[in-house]
Amino acid sequence: MHLIIAEKHIAAKRIASILAQDKLKQVRVSGVDTYEYGTGEDRKVFIGLSGHIVKLDFPKAYNNWQKVEAKELIDAQVITASTQVKIVSALKKLGKEATKATIATDYDREGELIGVEAVNILKSVNPDVEFDRVHYSAITPKEIHDTFENPTRIDFSLADAGHSRQVIDLVWGASLTRYISLAAGRLGNMFLSVGRVQSPTLALIVEREKERDAFVARKYWELSASLQTENGEVFLAEHRTSRFWEKEAVDSALSALKETAVVSSITTSTKTDKQPTPFNTTEFISAASTMGYTASSAMNIAESLYMNGFISYPRTDNTVYPETIDLRAQIEIFTKGPFKEYAEKLLAMKELVPTRGKKETTDHPPIYPASLAKKTELNEQEWKLYELIVRRFFATFAEPAEWETIKARFDITGEEFKANGARLVKPGWRWYYPYNAPEDRLLPALAEGDELAVLSKDVAEKETQPPGRYGQGRLIKLMEELGLGTKATRHEIISKLYSRAYIHGNPLQPTKTAFAVVESLERFAPTISKPDMTSKLEEDMDRIAEGNIPEDEVLKESREMLFSVFRDLEENRDNISESLRAGLREDKIIGVCPECGSKLMVMRSKKGGRFIGCEGYPECNFSLPLPRGGKVIVTDKTCEQHGLYYITIINSGKRPWNLGCPQCNFIEWKKIQEEEKKNNNGKIKPKKITDITGIGKVTAEKLTEAGVSDVKDLVDVNPLELAKTTNIPVKKIRSWQDAVA
């Protein structure tokens with residue numbers, strides 16, 4: 001039996017359907033769906049993993065944060081534990097009867113490591129099984145047939161590079177997170193995450209925010225004039241001095257202006273607008289971010305498009321199409337469907353010569369459309385990104401765009417004004433790829449010596465603006481430039497910063513917690529917050545992948561680096577603790593108590609609930625409620641009425657809830673409650689079953705198991721039948737029903 005192992009179930013199913021010579025059968029093995037065809041020695045079985053089916057961890061003895069010091073984790077044994085018991089069981093069962101196994105996971109470090117993890121499991125039950133490897137960049141019939149006809153060998157060096165990253169990230173993340181969290185007194189779900197790539201990335205965001213905070217706005221003035229031609233066409237001209245830094249200077253220029261402007265010069269030229277280069281991962285995320293996609297959502301959608309055979313592998317650094325791709329044939333795919341007009345125009349060209357970016361690699365091509373998708377096959381978000389990729393692909397073959405530019409200069413009583421115009425005269429590649437295209441700026445027909453009427457003069461007072469916050473696309477580009485993370489992990493790092501409540505919003509804004517952590521690291525252990533160390537380790541992992549250095553050597557170097565970091569930490573233990581606790585306290589402050597003037601802060605009750613309370617307690621009892629779940633993010637925006645900071649609630653896997661001013665929110669909630677009482681004879685109907693007195697978490701779970709998951713279910717259920725199922729007294733069930741009736 002020949003066993004073929006793909007990285008995910010959907011990939012296994014698609015590859016099996018492409019290769020199937022006979023009718024494909026779906027067979028369940030140890031609770032896992034597999035696909036097979038053929039009989040006897042020709043039988044082929046396809047199974048999909050779920051990414052990594054094992055994980056690295058420390059032995060259980062190291063899990064006690066109070067008994068095991070963080071530094072001990074650096075040299076601790078790293079063990080492997082199964083994360084997908086059913087898949088491992090299925091692999092072992094199939095491995096016993098397999099004579100050959102083909103690893104068909106994604107071709108990158110992670111994919112190679114996932115494949116080797118499967119190899120080790122198979123070898124544990126069948127040491128004699130033979131292995132080979134197939135590489136593909138698109139799950140299309142041609143590419144899959146070609147790669148299975150030309151298998152290669154497993155690249156254990158590439159897998160070692162992936163494994164070294166796992167070990168290094170585990171050891172650095174676990175030891176530093178434990179140390180910093182204990183120093184800050186933040187344990188349980190409130191722990192402070194620190195990581196080899198995560199922390200330098202967060203430092204970039206905090207540094208930009210500091211630049212914004214330190215920025216001192218400077219006033220300036222702009223002077224413009226509205227001009228009219230003899231034909232009645234009106235346009236705006238600006239003074240040659242773009243910014244007047246002194247009010248007296250702009251007033252002097254304004255007072256000199258009369259009612260007539262003379263065209264002093266006209267310069268017309270043509271500007272070539274070069275075609276874009278092919279998409280690699282970073283450029284794709286950057287383009288998707290301008291359309292409103294987060295880095296994480298863009299990559300998740302791209303992964304889905306790839307798995308379904310619509311685009312090539314989306315994790316790539318390459319910006320040069322390899323010669324192995326028949327580019328003309330790839331364009332011909334689109335001579336049917338919504339892109340027909342564009343494809344036919346490209347195919348009519350004498351020669352198809354694509355642009356080339358600066359980065360050329362040999363593992364995967366740039367991202368390109370692998371097959372024609374129908375709009376009905378994709379949801380709206382998927383179609384938008386698929387169309388983006390198709391149009392970018394077309395644009396790399398198109399001609400340059402050309403703009404006609406006009407620079408006009410005017411004399412108004414000795415003061416020089418200017419107006420610039422631009423007109424797209426040859427669309428070229430912009431016809432195929434219309435995203436973020438600059439608009440035409442048209443000027444009327446003008447000639448030197450023309451006299452124009454000055455309809456109005458305007459002085460605008462403005463201020464210089466601080467540097468902008470990083471958007472996700474820009475941050476990923478910067479991470480790439482600094483060697484932070486990889487094409488496959490950068491978007492995940494940003495997602496982790498969100499989930500840890502270190503950042504919020506887009507563009508990215510750091511929380512006070514982020515400030516506290518980064519400032520403490522920069523003062524007392526700067527190595528962690530700088531990109532140099534992690535960039536060096538990234539280079540070493542590349543050398544492992546190339547077979548130029550053994551994995552053990554890099555792991556040893558990594559541990560030595562970490563020991564040096566801990567020397568700094570331990571020398572400054574008290575300072576770090578004091579710095580962190582002081583900074584984290586700032587992140588809890590909501591504003592000033594309206595009743596006593598003390599600070600209002602996020603607090604916890606004795607029962608573990610949280611609320612906004614007054615620091616003046618018990619003398620002052622002022623308080624405001626907070627939602628039960630989610631992390632509270634205190635923003636820098638304040639309520640004009642109450643002077644309190646707006647807050648945002650972050651729940652994993654959900655959109656952030658911008659709650660706003662907690663006092664405004666509470667007042668509005670009370671209004672709704674009062675209105676509901678009026679409409680329900682002084683009663684407030686519970687919205688959820690857990691809002692009903694007497695129904696806690698355990699009882700709610702018992703009711704859910706019986707099919708009662710919301711208030712409507714509770715109203716409709718037969719109390720006698722529910723009592724039999726749950727052993728809850730009928731009287732109690734009827735009282736709950738009365739409460740929501």
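Eleven bridges hold strand S12 (residues 401-412) and strand S13 (residues 415-426) together, and the two run antiparallel. Strands here are DSSP runs of type E with at least two residues, helices are runs of H or I with at least four residues, and both are numbered from the N terminus. Two strands pair if DSSP finds at least two bridges between them. In this pairing, Ile 406 has Gly 421 in S13 as its bridge partner. S12 and S13 make a hairpin with two residues between them, and Thr 413 in the turn shows a positive phi of about 55 degrees. S12 also pairs with strand S11 (residues 260-273): eleven bridges join them, again antiparallel, and Ser 265 sits opposite Arg 409 in S12.

A word on the model itself: it is predicted, so local features need pLDDT of at least 70 and side-chain atom pairs count only at pLDDT 80 or more, while totals for chains, interfaces and linings use all residues. Residues are numbered from 1 along each chain as its sequence is written, and side-chain values use heavy atoms, with hydrogens and water left out.

Glu 404 and Arg 423 form it, with their closest N and O atoms 3.2 Å apart. Glu 404 lies in S12 and Arg 423 in S13, so this pair ties together parts that are 19 residues apart in sequence. Glu 404 is partly exposed at 24% relative accessibility, and so is Arg 423 at 36%. On this scale, buried means under 20% relative accessible area, exposed means over 50%, and partly exposed is in between, using a 1.4 Å probe and protein chains only.

The whole structure holds 38 salt bridges. One of them pairs Arg 469 with Glu 209, with the closest N and O atoms 2.8 Å apart. This pair links distant parts of the chain: Arg 469 is in the loop between strand S14 (451-463) and helix H13 (472-482), Glu 209 is in helix H6 (residues 198-214), and they are 260 residues apart. Arg 469 is partly exposed at 24%, whereas Glu 209 is buried at 5%.

Another salt bridge joins the side chains of Glu 283 and Lys 477, at 3.6 Å from N to O. Glu 283 is partly exposed at 26%, and Lys 477 is partly exposed at 25%.

The rest of H8 is worth a look. Seven of its nine residues are buried, so H8 is largely enclosed by the rest of the structure. The buried ones are Thr 281, Thr 282, Phe 284, Ile 285, Ser 286, Ala 287 and Ala 288. Their cover includes helix H9 (295-307), helix H12 (380-395), H13 and helix H14 (490-499).

Next come two packed helices. Two packed helices are described by the angle between their axes and the distance between the axes. Helix H1 (residues 9-19) and helix H4 (residues 141-149) pack at an angle of about 80 degrees, with axes 10 Å apart. Axes are lines fitted to C-alpha atoms, for helices over the stretch in contact, and angles run from 0 to 180 degrees between N-to-C directions. H1 and H4 are therefore roughly perpendicular (65 to 115 degrees; under 35 is roughly parallel, over 145 roughly antiparallel, and the rest oblique). At the contact (heavy atoms within 4.5 Å), Ile 15, Ile 18 and Leu 19 in H1 meet Pro 141, Ile 144, His 145 and Phe 148 in H4.

Ile 180, in helix H5 (residues 156-184), is buried, with a relative accessible area of 1%. Beyond its neighbours within four places in sequence, Ile 180 is in contact with Leu 192, Val 194, Leu 521, Leu 569, Ile 576 and Leu 580. The C-alpha atoms of Ile 180 and Ser 577 are 8.0 Å apart, although 397 residues separate them along the chain.

Finally, an open sheet of four strands runs in the order S17-S18-S19-S20 with antiparallel pairing. Strand S17 (589-592) and strand S20 (623-625) are at the edges, each with a single partner strand, so one side of each has no neighbour in the sheet.

Terms used:
Salt bridge = Lys/Arg side-chain N within 4 Å of Asp/Glu carboxyl O.
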